[in-house]
Amino acid sequence: MACFQAYVAQQLVPATGLFRAKGFVWLQQQRSVRYVFQFSGKQRAECGAEGQWQAPPGVQLVLIGQQQEQLQQLKQGLHDCVSGSCLCCRGAAANRTSQQQKQPNASAQRSHDPMQQGGNTALNPAAARIAEIIQQHNRFELWQHSSDNGQQHQVQHQQPGKCAAYGLSSSSGLIAFSAVGSALHGVVAEEVNAAVLRKINATPGIFCCHIKSPAALQAATGQRAAYQDVTCLQLCFTDSAEPNDAEQLWQQMLDAVAPVLRKAYQHVHSCRCDVAAEVQQVVSWQR
C-alpha cells in the first residue's frame, strides 16, 4: 500500500496529460479486500476498500490521457510498484538488510521492545510514531486493523506510550484512523472522514486509502445513495521511513484539513462531562 500511495501522489496525480484513471487494486496489507481506485481531475483521487474479491485478485488500471509517452511512463511506474522494483521498495529492502547486519544481539533487544505486535516482529517506526501522534490529537482516533477480514475496529481506552500496537497491521506499516464523532453536537465521524479525505488527497504529495461505509438508504427512493461516507482513513509506510517522515507528513495533513476540522467542530467545546470523562480515563490508565 505504501508504494501505491507514493505512486499515486508522486507520479499519477501530477501527470498533466492524464485525464482519468479507474480500476482495481490488490494490496499486500489486506489481500482479501478489493480496493477500487478512481481519479478524475486534480481534486478527486481516491482508493477505497469495497468488500471481498469476487474474482481472481489483481491490479488493473485504465489510464486515459493524451500524451502517449507520459502514459507509458505511468504504466511502467505501476509495473515497478507491483513487481517491487520501485525506489521505495528498493529503499525498504536496503533498510531491512542494514538492520539485519547490525549487532548479533539485535533480535534479543527487539524481543524486549514494547513497540511490538506478535512474536518478534518489530513495528514500523514511522507508523508507530504517527500512531502516537494520533492518540494525542483530540479530533482523531486510531482504529484496530484486522488483516483477516479487512474490517476496522475502534480503539478505546489506550494507555499513553503503548499505542503502537493499535491501528497497525503487524510490521507492515499500515495505520488506520478516524475523526472523532459527537452525537451530542451533531458531528458524524464518517462525514468528517469523507471531507478530510477529499482535502488530503487534493494536497500535492499526499494520498490516503480508506474503508468505505455502507451506503445509506435514501428515504425518498428507498435506494442506496450513490456516494458513501468513509469509515476510516489508511496510511502506510515502508520500512525505510523514519519517525521524522511521519511527523512531517502529519503536519502537512493537519495544515490541509484545518478548515474542515474548524467547520466540523465549531460547536464542540469542552464541558464538565468531557473533563470528567478524561480524568476517569487517565485514572484507569494509571491503574
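Me: How many helices and strands does the secondary structure of the chain come to?
Reply: This is a predicted model, in which local features need pLDDT of at least 70, side-chain atom pairs count only at pLDDT 80 or more, and totals for chains, interfaces and linings use all residues. Residues are numbered from 1 along each chain as its sequence is written, and side-chain values use heavy atoms, with hydrogens and water left out. Helices (H or I, at least four residues) and strands (E, at least two) are DSSP runs, numbered from the N terminus. On that basis the chain comes to 8 helices and 9 strands.

Me: What percentage of the residues of the chain count as buried?
Reply: Buried means under 20% relative accessible area, exposed over 50%, and partly exposed in between (1.4 Å probe, protein chains only). The chain has 287 residues, and the buried share is 42%.

Me: Which residues have the most contacts inside the largest nonpolar core?
Reply: A nonpolar core is a set of buried Ala, Val, Leu, Ile, Met, Phe, Trp, Tyr and Cys residues joined through side-chain atoms within 4.5 Å. The largest one has 36 residues. Those with the most contacts inside it are Leu235, Phe237, Trp250 and Met253.

Me: Which element gives the largest share of this core?
Reply: Helix H5 (125-136), strands S5 (140-145), S7 (174-179) and S9 (230-236), and helices H6 and H7 each supply at least two of its residues. The largest share, 9 residues, comes from H7.

Me: Is leucine 235 buried or exposed?
Reply: Leucine 235 lies in strand S9. Its contacts (heavy atoms within 4.5 Å), not counting residues up to four places away in sequence, include Ile130, Phe177, Cys208, Leu249 and Met253. Because its relative accessibility is 3%, leucine 235 counts as buried.

Me: What distance separates the C-alpha atoms of leucine 235 and alanine 176?
Reply: Along the chain, leucine 235 and alanine 176 are 59 residues apart.

Me: At what angle do helix H6 and helix H7 pack?
Reply: Axes are lines fitted to C-alpha atoms, for helices over the stretch in contact, and angles run from 0 to 180 degrees between N-to-C directions. The axes of H6 (residues 189-201) and H7 (residues 243-264) are 9 Å apart. Their packing angle is about 150 degrees.

Me: Which residues in H7 meet those in H6?
Reply: The H6 side of the contact consists of Val192, Ala195, Val196, Lys199 and Ile200. The residues they meet in H7 are Met253, Ala256, Val257, Val260, Leu261 and Ala264.

Me: How many disulfides does a search of the whole structure find?
Reply: A disulfide is a pair of cysteine sulfur atoms within 2.5 Å. For cysteine 208, the nearest cysteine sulfur, that of cysteine 209, is 7.7 Å away. The sulfur of cysteine 209 is 4.1 Å from its closest cysteine sulfur, in cysteine 47, and is therefore too far for a bond. The search of the whole structure gives 0.

Me: Is glutamine 68 buried or exposed?
Reply: Glutamine 68 is placed in helix H2 (residues 68-83). Because its relative accessible area is 53%, glutamine 68 is exposed.
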